[in-house]
Amino acid sequence: MNNITGTIWAVVKTTAGLILPVSSVILFIVLVTGVSDAQHIGLLASEYWNPARGEYGLVWLMFSSVHIALVACIPGLFIGTLSAIHLCFYAGARSRAIGQSILGILASIPSVVAGLFTLAVFTPLLGFTALSGAVAVFLMVTPPYTLIAQSVLHSVALQPVLSARMLGYTDIQLLRYVVLRAAAKHLVSAGCLTLARALGEATAVSMVVGNTLFNIPPLLDDSALTLAGAILRGHKEALQTHMDALYAAGVILMLMVMTLALTAHFLFRRSNKGERR
Amino acid sequence: MNSTNIPTIDINKYSLHTPTALILNSISLKFEGHGMVAIVGPSGHGKSTLAHSVARMLNDYTKWTATGDILMSDRSLSQWDERSLRSRIGFVMQQPAMLPHTVADNIVTPQTLINNTDVATAHRCASVLMYALGLSHHTLATRAHKLSGGEQQRLAIARAVLLSPPVLILDEPTSALDPLATATLIQYLKDLTKRSRVIMITHDIESARSCERVVFLRCGESQGATITADGSPEEVFDDPSKPFEFQFARRLPMHH
Amino acid sequence: MTLRIICATSHWLLLVLGISIGIFMFVNAGDRNWFTFIVAQPLELGLSGGIGPVLVNTAIVVGIALAISVMTAVASITLILSMERSASRIAHHIAALTRGLLSIGASTPRLLVGIGAATVFGNWFGLGITALCGILSLACILGPIMANGLIHALDQQKDRLMPTCIALGLSMSQTWLRYIAPAALPGLLATSIQCVGRGLGDAAALYLTSGTALAILGSIDQPAATLAVYAYSLVLDVAGGIKNAYAAGFVLLILTATLQTPLIYLNKDTST
C-alpha cells in the first residue's frame, strides 16, 4: 500500500515541479509553430513593413531593434562601468549607500515610467525618433548594469586593488592592470545580458519612437519601429498573415536574446574556471 | 625610487579610537636605521592595527580618530604624498590578495610599472627571489590562484621585496608557512636587514627570537593596547618579573 | 586624479537623471488632488477622474499571479533538489535540464512571454482577453524569476551550511528544514519583492492578455487594466490622456520606490 501512495506522491511531485519549466519553454514552441502557412515565410523577405498593404519585411525592424539597442547600450555600459568604479573604489560609505539606493529604485522602475519621462523631456527636443527610443532604453538598462558591475567589482577586484595600492600602483595602473584584468570577463558577460535586455524592451520604446518606418534605413533622426514594438502595437488587430509575421518577429527576437544570454553564460563559466583553487 | 637612507619611523604617543572603544593607548616607538623588529602579543590586541596605521592603510569602514602622530623622517605621515610614501614603506597584509592573473603579473609587472625596471632585469630578480623563497618549482606563467595559501603568502612577500622599499612591514608573514618555509623566510629577511628596516608582526616566538629587538603589545587592565616590553628577545621573553610575557613565550596557559 | 573626477561625474549624472524622473512625472501630472485621484473612478475612458478601480484590478491580478508563481516555483525547486540528491544519473540530468529551462524562462523578454501566453491561454484554452489570461501570463513571467532567485539563495546557503551540518552528524531533513531553508528566507523575501515590482511594472504582456478595460473586476473572466497598462494606453491609444498618464506613472513610481526600501535593508549585509 505504501508503495502505491509513494509512487503516486512521486508522480504528483514531478508533475507539479515540471509545470514551471515546461511553461517556460512552451511559449517558445508556440512561437515557432505559430506560423500557420509556410508560404507566408516568403513574405518576410520583402523590403517594407506595412501590414496594411500586405508587406511584412522584417529586415528594417531588425535593424531598428539592433540600432536602438546599440545606441543605448554603448554609452550606457560606459557610464555604468565608470559609475560602478566610483561606487566601489572612490565613494565613501554614506555616498555609496545613497547611490545604491537610488540606483536600486531606478533599476526597478516600470518601463512605462521610463517611457513617460523620455516623452516629457527628450521627445520635445528629439521628436518621435530612434534617438528618443535609444534614450528610453538607456534609462531602463543602465541602472541594473551599474548595480551588477559594482557587485562584480566588489567581489573580484576590491582585494587585488588594495594589495596593488600598497605596492604603489597609480590610479590608471590600477584600472588597467588590476581592475580590468580581474573583472573583464564578468563585465562583458553582464554587458551581453544588458544588450539582450535592451533588445527586448517594448513598452518604453514604443511610447517614444514613432512606430512607423518612413525612411529606410531608419537613422537616428527618423521615426522607427522595433521588432518588439511591432509585436506590441500590431497584436490587437492582427489578422492571420499579419499574426504569422508577428510570430516570426518574435522568433527572431528570441533567437537574438538567447544567443546573447548563452554567450554571457559561457563567458561566466570560463572566467569561473580560471579562479578555482 | 628607494632611498639609500632608511627613513626613521617615529610613533609619538599615538592613540587610536573607534566610536565605541580605545584600540591603541598612547604608543611610543622609534625605528631607526636598519635591522629587524618583531612586534608580538596576543591575538586581537592591536598589532595589525598598529601596522596598518604605520603603513597608512587603515580601512575607511570604521570611523577612526587618532591622537598623537606618526612621523617618517620627521614629517607627519599624513603629509607625505602617496608615491613617496609607498616607495619608502612596503606592506604585506596577513591574507594578501593575488593580482590577476599569473605569478609574473605579481612579481614582474609591479617592478616594471612602479620602478621602471626593464623587463629582463625584472624577470631575473623575480626568478632569483622565487628560488630564495622556495617557490622555484612554479613557473612565472602559473596562475596565481592555483598556489597554496603558504605559497601565495611568500609570493606576496616577494612582490613587496622586489620593489626595494627601505622599510618593510610584514603582518604575520609565517602564519601559513610550514617550519622549513618559515626558517627559509626568516633567513632571507635577516639578509635583507643589512640594508633595510624590517618590522614583523608575529606570534611565532621562534621567529621573534631571531630578531634583534622585540616589542610586546597587549591590552592591560585598562582599555587599549600598550607596549609592555621593548628590548632584546631575552629582555622581553626571559624576564621573570614580566609574568605575562614570560608565560606567553613558553606557551603556558594563563590563569587569571 | 582625473579618473576619479570622471567616475564621480558619471555617477552623479546618473543619479541626477534618476531623481529628475520623479520630479518630471510629478510636474507633468498637473495640478490635481492626489487623494481623489487614487480613490475615484475613471471617467471618459480614463481621460479624467481617478484610478481607484485600476488599483484594485492591479492588486488582484498581481496578487494572484504572485501566489501561483510562488507555488509553482517551490514545486520546481523541490523537484530539482530531490533529483540532485538521488543517485541515478538520469535524475541529475533532469535536474540540470530543469535548471536550464528555468534560466531560459527568466531571461525571456516579457513581451514574448506575453504573446505566447496570449496564444496558449487566450486562443488554445479559449480564455480570450480576460483577467484570468493576464494572471496566468504574469505567472509565467514571474514564476521563473521567483524560482531562479529562490534556488540561488538556497544554493548559497547549502554551500555554506551543508558541510558543517553533515560533519556534526545532522540528518538531511534536519539540515534542510532547520538550517538551510530558514537561512534562505531573506533571499525568498527579496525575490518576492522584486517580483511584485516586476508585476506592477509590466505593461507589455498584460496589455496583450489582460486588456485595457477600466472598470473594477466583477469576475476574473472579464478584461481588466492594471496601472501600467492604463498609463500605456493613455499615451498611445487615447488622445489627450497624457496628464492622467503622468499622474498614474507617478503613482507607479512611488509604489516601486516604496517596495524597494525593504530590499535596501535586506541587502545591507552584502555591501561593505
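Q: Which residues of α5(B) are buried?
A: This is a predicted model: local features need pLDDT of at least 70, side-chain atom pairs count only at pLDDT 80 or more, and totals for chains, interfaces and linings use all residues. Residues are numbered from 1 along each chain as its sequence is written, while chains are lettered from A and ligands numbered from 1 in the order in which they are written. A residue is buried if 20 or more other C-beta atoms (placed from the backbone) lie within 10 Å of its own, exposed if 12 or fewer do, and partly exposed in between. In α5(B), the buried residues are B:A122, B:A126, B:L129 and B:M130.

Q: How far apart are the end C-alpha atoms of helix α5 of chain B?
A: Helices (H or I, at least four residues) and strands (E, at least two) are DSSP runs, numbered from the N terminus. The expected span is 1.5 Å times one less than the number of residues. Helix α5 has 14 residues (119–132), so it should span 20 Å. The end C-alpha atoms agree, at 20 Å.

Q: How many bridges join β3(B) to β9 of chain B?
A: Two strands pair if DSSP finds at least two bridges between them. β3(B) pairs with β8 (residues 197–201) in the parallel sense over five bridges, and there B:V37 has B:I199 as its partner. With β9 (residues 213–219), β3(B) also runs parallel, and B:V40 stands opposite B:F216. The bridges between β3(B) and β9(B) number four.

Q: How many residues of β3 of chain B are buried?
A: Strand β3 covers residues 35–40, six in number. The strand is largely enclosed by the rest of the structure, because its buried residues number five.

Q: How many residues does chain C bring to the contact with chain A?
A: Two residues are in contact if their C-beta atoms, placed from the backbone, lie within 7 Å. Chain A brings 61 residues. Of these, helix α1 (residues 2–33) gives the largest share, 15 residues. Chain C brings 64.
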